[in-house]
Amino acid sequence: MITKRQFLQTAACAAATLAAPRAFAVGNPPYPSRSVKWVVPYAPGGATDVLSRLICQRLSERFGQTFVVENKPGAGSNIGTQAVITSAPDGYTLLLTSTANAINASFDPALPYNFAKSIAPIAGVARIPLVLVVNNDLPVRNVADFIAYAKANPGKMSIASSGIGTSLHLSGELFKSTAGVQFTHVPYRGSAPGLTDVMSGQIQGMFDNVTSSFELVCAGKLRALGVTTRERSEILPDVPPIADTLPGYETSSFYGVGAPHDTPREIVDLLNREIDTVLSNAEIKARIAELGAIPLHGSAGEFGGMLTAETDRWRKVVELSGIKKE
């Protein structure tokens, strides 16, 4: 017969088990045995911060160690990227990888590192569609109208972006080539000032992440003509893919996680499993959907394959556009 003391001891052990982190550590000493730094190579705020903090909070809970977001902006993500690449390959410094890494591999020939050879892919996080938005006074209602208007007004249209060599800029360059139209590219320091000038009519349109523009579209301050992914966006369900009018056209912004190249395989695999589990959580999925993003699941190898494919995709766009880093 179990005594009251034995019952209480058993209950206490069960409660401790339920409260304990669910992830399993690896290695000797076990990983992680201290806090982990998650480097975001952008300024605080925006989708990169929201995604990173959502995931880091859950990883901290699962591992029982703090995953700390550290912003290291500058040089089109290169400062933060290089800081991680030159860190010890022990799993305690991680990088939020992005489309910028895939673009910079060919856009910036002066890079002091080879991204493909310097990073260990860990896991995908999310993909975010871009959307072509225009000023409400522009007499176009869809992508076909936009193309026809651009052809009828050569050299008279301007398209904003968040900067030269960004996915927003290059999505416009790919559109120009695919549609056979011409417009002037006007780079800004971030998407917000560009969107402001589109709304005021100083600029006719812009390719932008749905995360930062969908509220303006929903409020009727901008008109959305098409999304850059082959599927419709959940937060802009009435906006068709540009590919419906221009077959084969496709771009997006993506985010994932990487570490210095020689990070032990067992740490990479552990982080991959745990990040994938976090992305499958119903609450996290809902928050990601609110950003207009699509979770990226799969193994570390699959994410590595995606990085290779994205780097090749953007290299072709860079070559097609003829742009070079200034």
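**Entry 1: α10 against the sheet**

I looked up helix α10 and found that it lies across β1, β2, β3, β4 and β10, running at about 10 degrees to β4. The model is predicted, so I kept its limits in view: local features need pLDDT of at least 70, side-chain atom pairs count only at pLDDT 80 or more, and totals for chains, interfaces and linings use all residues. Residues are numbered from 1 along each chain as its sequence is written, and side-chain values use heavy atoms, with hydrogens and water left out. Helices (H or I, at least four residues) and strands (E, at least two) are DSSP runs, numbered from the N terminus. Axes are lines fitted to C-alpha atoms, for helices over the stretch in contact, and angles run from 0 to 180 degrees between N-to-C directions.

I then checked α3 (residues 78-85), which lies across β1, β3 (93-98), β4 (119-128) and β10 and runs at about 140 degrees to β3.

**Entry 2: the sheet**

I traced an open sheet of six strands with mixed pairing, in the order β2-β1-β3-β10-β4-β11. Its edge strands are β2 (67-71) and β11 (294-295), each pairing on one side only. Two strands pair if DSSP finds at least two bridges between them. Strand β1 (residues 36-40) is joined to β2 by five bridges, and the two run parallel. I noted Val-36 opposite Phe-67 in β2, and Glu-70 in β2 as the bridge partner of Val-39. Four of the five residues of β1 are buried, so β1 is largely enclosed by the rest of the structure. Buried means under 20% relative accessible area (1.4 Å probe, protein chains only).

**Entry 3: α10 and α11**

I took the axes of α10 (residues 265-280) and α11 (residues 282-290): they come within 5 Å and cross at roughly 75 degrees. The two helices are therefore roughly perpendicular to each other (65 to 115 degrees). From α10, the contact (heavy atoms within 4.5 Å) uses Val-278, Leu-279 and Ser-280, and from α11 it uses Ala-282, Ile-284, Lys-285 and Ile-288.

**Entry 4: Thr-263**

I located Thr-263 in the loop between β10 (253-260) and α10. Is Thr-263 buried or exposed? Thr-263 is buried, with a relative accessible area of 8%. Its side chain reaches the backbone oxygen of Pro-260 at 2.7 Å. Not counting residues up to four places away in sequence, Thr-263 touches Pro-89, Asp-90, Gly-91 and Val-268.

Technical notes:
Parallel < 35°, antiparallel > 145°, perpendicular 65-115°, else oblique. Buried < 20%, exposed > 50% of the residue type's maximum accessible area, 1.4 Å probe, protein only. Polar contact = N/O pair within 3.5 Å; in protein donor to acceptor, adjacent residues only side chain to side chain.
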